[in-house]
Amino acid sequence: MPLSVFHGIPPAALCLFLLPLVQPGPAGAGASSASVAGHPQAAKSAQARALDDWVGAVWRHEPRLADAPVREIAAWPEADLSAVVGEVSALAEFLARAQTRFARSGQLSTFNYRRRPWAVPEIAKLLGLSDAEAVQADVSRLVMRAVLLHTDAAILVDSHPDDARRPAGSGMHGALLVQDGQHIGSVDRGPHWHLARRLLALPALPASSDDLARRWYIAAAAYMHSQSLIADVQPHLSSGLTRFPGDPDLLFRRGAMLETMAAPHVQRAVDGFPAMWRLDGTPRSSIDSGGRVEVTKVARPGIADARTHVVEAEKHFRRALKAAPDLVEGRIRLGRVLALLGRHEEAAVELERALPAAHGPALEYYAALLLGGVHSRLGRVDEAREAYRRAAALYPRAQSPRLGLSSLAAGREAASSPLVEALAFPEDHPSRYDPWWDYYTGTGIEAEALLAAWRQAVVEEAPR
Amino acid sequence: MRAIASLAFAGLAIAAPTADAQVFSSRVEAVRVDVLVTERGQVVRGLGAGDFELLDNGLPQHIDIVTFERLPLNVVLVLDMSGSVAGERLAHLRTAGMALLEQLAPDDEAALVTFSHAVTIAAPFARDRAALRQALHRAEGFGRTALVDASQVALALDAPGAGRSLVIVFSDGVDTASWLAPDQVLGTARRTDAVVYGVTMRGRSKAPFVADLTAATGGALIEIETTRDLHATFLRILDEFRQRYVVSYTPRGVAGAGWHRLDVRVKGRRSTVRARPGYVAAP
């Protein structure tokens, strides 16, 4: 379950949105085994080398390091990576069929590959599998190591857009760069999260790999939240919940993602999106070379209005709490979305319940601050003051509870007194830190720990 | 309005030492309203008490005083220092702020509130311009925009003396980070006597908060094309504010506590009158 212990400086306020409806690249996603067999000689040799190189990178990569294997892979065009993953899928599928056929009839199978028949041991060797894995048709160790490689490519290389080794984007994973509610540019986010999900979706993966897969989904989502990567976390959590539909952690994180999509800094950026794309006022019927789509087709790239997201967030938080009633942060955020929906009485109930259970100063702060806001809306001035004072006691110079107290005051002196001492400190003074500033990235605060734990588990359960 | 607020504070001081006690004076006190009168875009001067008609909750009131003299000002500059205000924009903002300070009279008080996601009282009310200039120089653009929160701070600042309160708010974007909701700050605005002028950038995606705030306080919203216009705009605001009348009256025949709708007119003239639409009287 996510914990939210907060410290540190306010975020850079950068978040990314998914560009709408971009056409797939010419190589397509997911080369089939038929296409593998049908390539011309020259292209097939290049593709053979690609698989060998990729497998080599998978097994050579050191977790958490931006080493040569991960940099090499990060420099590949998406079409090539996608073709390799398709090839791995085909080979894994063959191994599974061969294992089943052998188990039923004792017959050996071969696979037409690279213009000749390949036996199981050869394919296993090509993929770096052990003899036992070949017999069992178990590709989970390879897959987990590959997911680790692509995860590190996404985090360690793709996150640094100045890296000259990044390939020119195919436009499949475009995203808008937004800062402080304003569009400041666009970027190709790279294919690695997508490729990792494809690998984890291989039918040949045994159920024993489910736990590692689930933990990866959670850790990666936490990372994406911590970096405000909305463009990445949307498809990520959709995929995770398709595979693990009742998982309370994933449900909670999706609720938090929806809550973020309803936030002012996201909504303001999207409000400005049609204006950003308007060129000469003439609607465009196709995608031009700049990857821009006519405004009338998609006005809001993957982001709906705030209320729609908040309504969905409530559903996800409730499902998460049904599965895990002790999920305190889920209850706090449920309280917030209920308040956003104007259901302040219900919000107060959830926040009152969460407050005594909140572990750590940041969660307690959120519960108290939000409760102060709800009581204020309900006209319960004394209760609101008490809640705000509780929040202020946890972070004495945080501005939000003091602003709340100020807004409740009837006279100017009373309105001023909660503010003057605290807000006279420079904004970069550590004591000025307000956890409210991190509310929308807060579910990612454990990202480093979750990723480290997952990487360690891969090293232990999928050794080289 | 300010008189009511002041006496309410006196009641608090006697009845309870804590700043947020809820004991208020029940005496009827004078209300002071800042009024701008224009005709065809030009400020109308030379009007007296007999030229004005004022209705409080629809009831005509006797106007005690109309002042056109230069009363001391309490000016709060509220400046957006979020990430988008950097480089040339920041330089323009500093220049405009400095120019405003230069135009203040010796007995005017000024304060500086800067905001990104963090709101800072960069300089409390003072007549010392040097401290304010230093604060303006120190301010740097970084982070998100807590415009609503910053406005609350500006309205809540306890101005010294009995001067007229002017708040000038500049933002080049929209609120992305505040804790308070706009309606809460508008409530604060209705309980103070400050007049808010807002300066925003034309063409940006807008929420109506600044427009609502200026309308609620009888101020004005000015949209500029570029931050180069800030210098002239700040000075124009100050000049216009100094040319407002201060109309004082003692409410009679109207309920004490709560919201009072105000209508201020000039008799016998086709003037445009800008004043706050009402005020909240303490019980």
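A salt bridge here means a side-chain nitrogen of Lys or Arg within 4 Å of a carboxyl oxygen of Asp or Glu. This is a predicted model, in which local features need pLDDT of at least 70 and side-chain atom pairs count only at pLDDT 80 or more, while totals for chains, interfaces and linings use all residues. Residues are numbered from 1 along each chain as its sequence is written, chains are lettered from A and ligands numbered from 1 in the order in which they are written, and side-chain values use heavy atoms, with hydrogens and water left out.

Over all chains there are 40 salt bridges. One of them pairs A:Glu72 with A:Arg60, with 3.4 Å between the closest N and O atoms. A:Glu72 sits in helix α3 (residues 68-74) of chain A and A:Arg60 in helix α2 (residues 41-60) of chain A, so the pair ties together parts 12 residues apart in sequence. Helices (H or I, at least four residues) and strands (E, at least two) are DSSP runs, numbered from the N terminus.

Now the sheets. Two strands pair if DSSP finds at least two bridges between them.

In chain B, an open sheet of four strands runs β4-β3-β13-β15, with antiparallel pairing. Its edges are β4 (59-61) and β15 (278-281) of chain B, each with a single partner strand, so one side of each has no neighbour in the sheet. On average, neighbouring strands of this sheet are turned by 35° against each other, direction ignored; the axes are lines fitted to C-alpha atoms. Strand β13 (residues 258-266) of chain B is joined to β15(B) by four bridges, and the two run antiparallel. Opposite B:His260 stands B:Tyr279 in β15(B).

The other open sheet, also in chain B, has six strands in the order β8-β7-β6-β9-β10-β11, with mixed pairing. Here β8 (119-126) and β11 (220-224) of chain B are at the edges with a single partner strand each, so one side of each is left without a neighbour in the sheet. Neighbouring strands in this sheet are turned by 15° on average, direction ignored. Strand β10 (residues 195-201) of chain B runs parallel to β11(B), with five bridges joining them. B:Thr200 has B:Glu223 as its bridge partner in β11(B).

How values were computed. Axes fitted to C-alpha atoms, helices over the stretch in contact; angles between N-to-C directions.
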